[in-house]
Amino acid sequence: MFSDINKRRDVERKVKEEGRLPPGQSATLKFPVLHYGPIPTFDPSTWDFKVWGEVEEPAYWDWEAFQKLPRTSVKMDIHCVTRWSKFDTTWEGVSLKALVQAGLIRLKSSAAYLVQHCEYGYTTNMPLSVAMGDNFLMATHFNGEPLTPDHGFPLRGVVGKILGRDDLKDVYLWKGGKWLRGLEFTQNDQPGFWERAGYHNEADIWLEQRTQGY
Ligand SMILES: Nc1nc2c(c(=O)[nH]1)N[C@H]1C(S)=C(S)[C@@H](COP(=O)(O)O)O[C@H]1N2
Ligand SMILES: [Mo]
C-alpha cells in the first residue's frame, strides 16, 4: 500500500533527524522474524529457567515461579544486523539488573560475562556490564501482548536503544536470545552461536560492528 510506504519513509526521516537511525540501517514498520532453526513448542509443565556459573547459588524457577518475579517495562529501538530497525517498541518482562538488586541472583565478583542459553542450544554472549543495563530484558510481552511463538514465546532476551540513555551500550538484536531457558555467568568470554559463525563479538550498532574480520 502506498500509504504504508509513505508512513515508513516519514518514520525513517523523523528518526534520522533525531539521530536515532544507526549507520547502515533502515526503518521498518513490520516486525521481521529472524532465527536459525525451528520454533520450539512450549509446555508450562516442563518449562524451567536456570541460572548457574559464577553465582553464589544456582537459581531455578519453573513457569509458575517465573511469573512471580519482579517485572519491568522498557521502551526501546531495536536494530537487527540485517539492517532493519524498529522504533519505539515496548517490552515487558524480567530485568537481570532488578533480579540482582533484589538479591534473587547473587553474582560472584568473578562473574564478568553472561551467556544466554536458549532452546536447541542457541547461545549468545555479552559482557556483564551490558547484561546489567536497563536495555537488556528477559521479555514475555511485546507491545502489551504475550510474545508470539516466532518472536520467542514464552521468554526471550531483548536488547535495544533506550532514548536518552547514552550511558548504555547498544548492541544488535541477535544478542537477545529467543526461547530463553537459562543464564550462565562466566569469568571468560564464550562466543555464542552467531558470534562463532562470524558475527562481531561486541556488536555495537553505532560502530557498525556487524561481522569479524571484513
Ligand atoms: N534462539 C534464537 N534466538 C535468536 C536468533 C536465533 O537464531 N535463535 N537470532 C537472533 C537474531 S539474528 C535476531 S535479529 C533476533 C530477531 O528477533 P525477531 O525474530 O523477534 O525479530 O533474534 C535473535 N535471537
Ligand atoms: Mo539478526
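Predicted model: local features only at pLDDT ≥ 70, side-chain atom pairs only at ≥ 80, totals over all residues.

**Arg156 and the ligand.** I started with Arg156: an N or O atom in its side chain is 2.6 Å from an oxygen atom of ligand 1.

**Other polar contacts.** Next I checked Lys178, where a polar side-chain atom sits 2.5 Å from an oxygen atom of ligand 1. With Tyr36 I had to look at the backbone instead: one of its N or O atoms there is 2.8 Å from a ligand 1 oxygen. How much of the ligand's accessible area does the protein cover? On its own ligand 1 has 530 Å², and the protein covers 99% of that.

**Who is around it.** I found 19 residues around ligand 1, and the nearest are Pro32, Tyr36, His151, Arg156 and Lys178. I sorted the shell by type and got 13 nonpolar, four polar and two charged residues.

**The pocket.** Which pocket does ligand 1 take up? I looked, and the space belongs to the largest pocket. I noted a volume of about 410 Å³ for that pocket. Its lining has 28 residues, with Leu34, His35, Tyr36, Tyr122 and Trp194 closest to the centre. By type, the lining splits into 18 nonpolar, seven polar and three charged residues.

Most peptide bonds are trans, and most residues other than glycine have a negative phi. I still turned up a cis peptide bond between Phe153 and Pro154, with omega about 10 degrees. Where does Pro154 sit? I traced it to the loop between strand S9 (145-146) and strand S10 (156-159).

My other find was Tyr120, which isn't glycine but has a positive phi, near 60 degrees. I placed Tyr120 in the loop that runs between strand S6 (113-118) and strand S7 (123-127).

Methods
Residues numbered from 1 in each chain as written. Chains lettered and ligands numbered in written order. Heavy atoms only, no water. Near = heavy atom within 4 Å. Polar contact = N/O pair within 3.5 Å; in protein donor to acceptor, adjacent residues only side chain to side chain. Areas by Shrake-Rupley, 256 points an atom, 1.4 Å probe, with all protein chains shown as cover. 1 Å grid on protein atoms, 1.4 Å probe; cavity = no way out; pocket = protein on both sides within 12 Å on 5 of 7 lines; lining within 4 Å. Sits in = over half its atoms within 2 Å of the grid points. Nonpolar A, V, L, I, M, F, W, Y, C, P; charged D, E, K, R; others polar. Points joined across faces, edges and corners; volume = space filled by probe spheres on them. Helix = DSSP H or I, 4+ residues; strand = E, 2+ residues; numbered from the N terminus.
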